[in-house]
Amino acid sequence: MSWKLFNLLLEASLMTIFVSTVSILIGLVLAILLSAANLSGIRPLQWFAKFFISFFRGTPLLVQLLLLYNLLPVIGVQIPSLVTAIIGLSICTAAYQAENLRGGFEGVPTGLVESADMAGFTPVQTFFHIRVPIALRLTLPALINEAILILKASSLVSVVGLIELTRMAQNLVASTFMPLEIYASAGLIYLVINLVVATAGRQLERRLPGVGGK
Amino acid sequence: MGFDFNVILSKQDALVSGIAMTVFVWVVGTLAAALIGFIVATARRYGGVIVDKALTVPIEVIRGTPFLVQLFLLYFGGPYIGLSLDALPAGLLALSIYGAAYFAEIFRAGYQSVPPGHVEAAECLGFTRIQIIRNILLPEMALLVIPPSVNMAIILLKETALLSLITVPEMTMTASAIGSQEYAFVEAMVLIALVYWVLVELAGVLGRFAEKKLSRYRLAKA
């Protein structure tokens, strides 16, 4: 396999990294909102969050993407496949991250929340200034793990027509008939990206201060 | 715009066979994955340092690459190294190997959770290695291993949807085909999403039931 082909794969992997990073971040924001809904004590909001998390964790991402990709034109929404891919991945990872965060929010020391209440924080202030930072710190390992899962899951957005690493590999295989070399190279690139993320995550984990002896 | 589920439901024979194929691939693939994973974990425990280190490489490679790429590599790349498989066996093999890497880690954690004193006691009593695995290690780690195993089974169920991309006639492929023919793709996808959802919830319920049944094996310190 020539360097030219490998370079094409490397370029396409930038799209994989871009889509995954944006989706993880949007997913994180959505997950925090879902957690807020869960902690709000308002029944319909809690039901919605529960339903959302259960549905998107209970169905294959491929089916979600196929559904989204075909549903949008039917309801009259015309958006580029890049946006469709990001929406699909963000919604899916939001459900998983919300489930991870649930454990984090349970680990927030009650004393801190009570102190904030005493200090006159509104529930919303307590949520964003006390609960969220601590829950995020507690669930950092799970977040890194989810980032790796999404990097791998982003290979599925090839079915909605976005040219990322896997789709580029498929295209190159179609024109060169070298599936072995090309898919192995694509796999290698995914592996390296994931190793970098995992190592960076461990470093971050070590540098950041812990929470209350945890 | 209107959604019409009747056109999809009228193709129930095809749908049912697709669902049956999904369940078949899922059950066989998960069992094979668990078995291979168990063998790998056991080999790592008893095979010495070299086997242990050598086996971490494939495990990390499989865990670090997308299942879709592995599937394509096996199905489209396999014939170039003399491994020509039909879609179904290729899908089953890929699913088993993928799952095995994760099950190997689950069982490794299980082995580590058993107090060494119990194994040493059994050795002193003259238990053979097989007897130790069957009568000491497996029962003691069962409770710890069940929740992540159920979780893995659920992940594998969702991964079976990818087999549609190498033309295994499971439910995602069947539903896509019907949906395209009948111009009711969205309805078809909603329907099978619900089927997956029910299967996932069912697996979760079964897992919690198994956990309850096995709780009599709980170690005193736990």
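This is a predicted model: local features need pLDDT of at least 70, side-chain atom pairs count only at pLDDT 80 or more; totals for chains, interfaces and linings use all residues.
## The annotated domain in chain A

In chain A, residues 9-201 run 83% helix and 0% strand, with the end C-alpha atoms 25 Å apart. Helices here are DSSP runs of H or I with at least four residues, strands are runs of E with at least two, and both are numbered from the N terminus. UniProt, in an unreviewed entry, lists that stretch as "domain: ABC transmembrane type-1". Its positions follow the numbering used here, feature names are shortened, and annotations may be inferred rather than shown by experiment.

The unreviewed UniProt entry also marks "transmembrane region" at residues 12-35, 47-69, 75-96, 138-162 and 182-200 of chain A. Take residues 47-69 of chain A: 91% helix, 0% strand, and 26 Å between the end C-alpha atoms. For residues 75-96 of chain A, the figures are 73% helix, 0% strand and 27 Å end to end, C-alpha to C-alpha.

Residues are numbered from 1 along each chain as its sequence is written, while chains are lettered from A and ligands numbered from 1 in the order in which they are written.

The scores are ipTM 0.88 and pTM 0.89. Chain B has a mean pLDDT (the predictor's confidence in each residue, from 0 to 100) of 90, and 96% of its residues reach 70 or more.

## Where the chains meet

The contact draws 28 residues from chain B and 27 residues from chain A, counting two residues as in contact if their C-beta atoms, placed from the backbone, lie within 7 Å. H9 of chain B gives the most, with 10 residues.

B:Thr56 sits in helix H3 (residues 48-64) of chain B. It counts as partly exposed because it has 13 C-beta neighbours inside 10 Å; 20 or more would be buried and 12 or fewer exposed, with C-beta atoms placed from the backbone. B:Ala104 is 48 residues away from B:Thr56 in sequence, yet their C-alpha atoms are 9.8 Å apart.

B:Pro89 belongs to helix H5 (residues 87-113) of chain B, and counts as exposed because it has 11 C-beta neighbours inside 10 Å. From B:Pro89 to B:Val168, the C-alpha separation is 9.2 Å across 79 residues of chain.
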